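The following paragraphs lead through one structure, beginning with a single residue and its surroundings. Please keep the sequence and the model in view while reading.

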Amino acid sequence: SLAGSPDNEDQRLMISILSAGPGSAVSHQSAAALCDLPGYEVEPVHLTRIRGTNSTTPKGTIVHRVRRLPSEHVVDLGPFPVVRPEILLVQMASVLYEAQTEILLDRMWNNRLITGRSRAVCLSQMSARCRGGIPLLRRLLSERGPGWIPPASGLESRVRTILEREGIYGFRLQTNLGTHEWIGRVDFAHDRYPVVLEVQSDKFHSALTDARRDDVRHARLLAAGFLVVEIWESDIWYNPDRWLDAVRTALQDSAA
């Protein structure tokens with residue numbers, strides 16, 4: 001670095017990359033942070049480079065060595081070479097728990113880092129890499145076809161996981177409702193029964209104006225014949241039985 005230049009994260013990241021040698025790329029948690037995925041930090045710096053490369057890296061840099069790192073697996077993100085999102089997903093599946101992997105996949109899809117087309121790239125990469133987490137990622141990707149609509153938030157992902165764990169299926173994510181007149185886009189709508197689930201964040205739906213807007217929206221859904229179950233953030237994490245009972249009751253009532 002230049003004498004007198006300020007020490008900052010970008011500078012330290014570039015020093016790590018240059019020290020690792022040609023063909024190195026930012027990867028794993030550091031790449032996730034550069035892709036603006038929440039919950040990840042650039043430092044400590046994670047790099048991927050080819051095995052046998054004779055180079056040194058600064059203290060605190062974590063190096064992941066691979067047999068090959070084709071140039072098509074790396075993209076430039078500003079001044080930094082970074083592994084492609086498809087490769088990043090494969091890497092992270094090897095170090096995350098199941099729930100974390102699923103949330104990361106949905107966030108990457110929601111942010112358009114992963115698409116139906118790049119899904120095929122992920123699957124092809126996994127065919128050549130039998131490492132931890134790969135069977136899980138293969139299953140998750142296979143469940144999500146090219147037209148998959150991911151949850152808009154981590155809360156929706158958690159709700160879907162709990163529903164499926166309890167054997168409650170048939171709810172579609174992010175569905176537009178209304179025939180002659182559009183009512184709105186709901187978080188979950190059942191394929192068979194007129195039941196709607198609305199996931200309410202304590203932060204964004206507790207204000208008075210939000211409550212009034214939600215009341216109008218729910219009144220329109222009720223007038224159209226839908227049963228609406230509100231699921232609050234605190235109950236998602238601390239009292240799932242409360243809203244699960246409400247969902248079961250709504251399904252039973254709509255089927256009667």
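Threonine 101 touches Ala93, Leu96, Leu136, Leu137 and Leu140, residues up to four places away in sequence not being counted; contact means heavy atoms within 4.5 Å. Threonine 101 lies in helix α4, residues 98-110, and is buried, with a relative accessible area of 1%. Buried denotes under 20% relative accessible area, exposed over 50%, and partly exposed the range in between (1.4 Å probe, protein chains only). Helices (H or I, at least four residues) and strands (E, at least two) are DSSP runs numbered from the N terminus.

This is a predicted model, in which local features need pLDDT of at least 70 and side-chain atom pairs count only at pLDDT 80 or more, while totals for chains, interfaces and linings use all residues. Residues are numbered from 1 along each chain as its sequence is written, and side-chain values use heavy atoms, with hydrogens and water left out.

A nonpolar core is a set of buried Ala, Val, Leu, Ile, Met, Phe, Trp, Tyr and Cys residues joined through side-chain atoms within 4.5 Å. The largest one has 36 residues, of which Val26, Leu37, Tyr40, Leu88 and Leu104 touch the most other members. Elements that give two or more residues to this core include α1 (9-20), α4 and α6 (134-143); the largest share, 6 residues, comes from α3. A second, separate core of 19 residues includes Leu155, Ile162, Phe171 and Val229.

The backbone also deserves attention. Histidine 28, in helix α2, has a positive phi near 50 degrees although it is a residue other than glycine; histidine 28 is buried at 6% relative accessible area.
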